Amino acid sequence: MGSWFNGLRKTRERLAGGLKGLFSSPKPGEATAEELADLLITADVPMRLVQTLSRELEKSASRKEPLVATFRRVLMDALGRNPPLDWASLPTPSTLLLVGINGSGKTTTAAKLARMALQAGRRPLLGAADTFRAAGSHQLKLWADRIGCEAVVGATGGDAAAVAYDAIDAALARHCDIAIVDTAGRMHTREPLMRELQKVRAAMDKRLPGAPHHTWVVLDAMLGQNAVVQARQFHEMTPLTGAIITKLDGSSKAGFLFAIRQELDLPILYAGLGEGPDDLAAFDSAAFVDALLDVGEAP
Ligand SMILES: Nc1nc2c(ncn2[C@@H]2O[C@H](COP(=O)(O)OP(=O)(O)OP(=O)(O)O)[C@@H](O)[C@H]2O)c(=O)[nH]1
Ligand SMILES: [Mg+2]
């Protein structure tokens, strides 16, 4: 699996020179808070957090704690708790809906999650409610065959809500533990497409009251701050319970993760650290912060 250290290489490279200089400076308080702020902003660290770090920098001269330890503490606090799903103790039947804009990584992530469920000894079912493109459903069915799990695939051009309903129906009939419903990519700015998600949710709830139990937005880390804008819009349309960050390995703007946690109060559950089928990891705040600050162990 890709490591956090490698996954955050690009963001770290953006920050590293500046932060390293700051941390190794005998009197970091003398470095300007403004320079630090500029640096953090280019990595899409949200403004509120930048201000907190700048204040900590200014106060650092009068403190015993090394600056890097202070930053680590502030950043860890900002990320809060992000407990991933405990696959082993997941109640049966559970349902999960994945949403996000085009190409964010929903289908690949649905498959990776199904694989995690299998590895924990559970029975997942993949539901392909991406009826926009023939390739959309086909791609998920291929994944289901490859990893060896149940699947329900809708007809191209069919009703996404009906497929979501059928997926839950099949999960119940086939005694599956979790139905993971993949949806078509949609622009967060296209109102009618966003409304379709509400129909999908309603259909799931109709078949199994309370479903979907989890609704996760899949965000492409390469988009940085724009991913926050998308997540907010999805959140307004369909209440989200968590975020998955894909393509962290390709992003130099991983600072936006703090905004997902702080501004939207969404837990960050999993992160894609590479292109391999097993490159989805439960989000590890400490590993994330350490890799970002370039402290701790390089692999
Ligand atoms: N490097 C990297 N690539 C990823 C990751 N997750 C997905 N991808 C790639 O991103 C591309 C799009 O992934 P999909 O899973 O098809 O995305 P989607 O959201 O289902 O796309 P639509 O259904 O078209 O909206 C594929 O080439 C994936 O291999 C990741 O964590 N890291
Ligand atoms: Mg897809």
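In what follows, Ala, Val, Leu, Ile, Met, Phe, Trp, Tyr, Cys and Pro count as nonpolar, Asp, Glu, Lys and Arg as charged, and the others, Gly among them, as polar. With that division in hand, the surroundings of the ligand can be read in this structure, which is a predicted model. Ligand 1 is surrounded by 20 residues, and the closest of them are G105, T107, T108, G185 and G272. Sorted by class, this shell holds 13 polar residues, 6 charged residues and 1 nonpolar residue. Helix α6, which spans residues 106-119, supplies the largest share of the shell, namely 3 residues.

The axes of α8 and α9 come within 8 Å and cross at roughly 30°. Because angles under 35 degrees count as roughly parallel, α8 and α9 are described as roughly parallel to each other. The crossing in which α8 passes α9 is right-handed. On the side of α8 the contact involves A160, A161, A162, A164, Y165, I168 and D169, and these meet E196, K199, V200, A202, A203, M204, K206 and R207 of α9. The residues of this contact divide into 10 nonpolar and 5 charged, with no polar residue.

A second pair is formed by helix α3, residues 33-42, and helix α4, residues 47-59, whose axes come within 9 Å and cross at roughly 150°. Since angles over 145 degrees count as roughly antiparallel, α3 is roughly antiparallel to α4. The crossing of α3 past α4 is right-handed, and the contact brings A33, L36, A37, L40 and I41 of α3 to V50, L53, S54, L57 and E58 of α4. By class, the contact of α3 with α4 has 8 nonpolar residues, 1 polar residue and 1 charged residue.

Is T52 buried or exposed, or does it fall in between? With 16 other C-beta atoms within 10 Å, T52 counts as partly exposed, because a residue is called buried at 20 or more such atoms and exposed at 12 or fewer. The C-alpha atom of T52 is separated by 9.5 Å from that of F71, although T52 and F71 are 19 residues apart along the chain.

Which residues is R261 in contact with, once its neighbours within four places in sequence are left aside? They are A78, L79, G80, L266 and I268. A78 stands 183 residues away from R261 in sequence, yet the C-alpha atoms of R261 and A78 are 7.3 Å apart in space. Burial is also found in helix α12, residues 285-293, where F288, V289, D290, A291, L292 and L293 are buried.

Most residues other than glycine have a negative phi, and most peptide bonds are trans. Helix α12 is followed by D294, whose phi is positive, near 65°. Phi is likewise positive, near 55°, at H175, which sits in the loop between α8 (160-173) and β4 (178-183). H175 counts as exposed, since 11 C-beta neighbours lie inside 10 Å. At D265, too, phi is positive and near 55°, and D265 is placed in the loop between α11 (256-262) and β7 (268-272). D265 has 10 C-beta neighbours inside 10 Å and so counts as exposed.

Another joins A211 and P212, with omega about -5°, and P212 is found in the loop between α9 (191-207) and β5 (214-220).

Notes:
Residues are numbered from 1 along each chain as its sequence is written. Chains are lettered from A and ligands numbered from 1 in the order in which they are written. This is a predicted model: local features need pLDDT of at least 70, side-chain atom pairs count only at pLDDT 80 or more; totals for chains, interfaces and linings use all residues. Helices (H or I, at least four residues) and strands (E, at least two) are DSSP runs, numbered from the N terminus. A residue is near a molecule or strand if its C-beta atom, placed from the backbone, lies within 6 Å of it. Two residues are in contact if their C-beta atoms, placed from the backbone, lie within 7 Å. Axes are lines fitted to C-alpha atoms, for helices over the stretch in contact, and angles run from 0 to 180 degrees between N-to-C directions. Angles under 35 degrees count as roughly parallel, over 145 as roughly antiparallel, 65 to 115 as roughly perpendicular and the rest as oblique. A crossing is left-handed if the near helix is turned anticlockwise from the far one by less than a right angle, and right-handed if clockwise.
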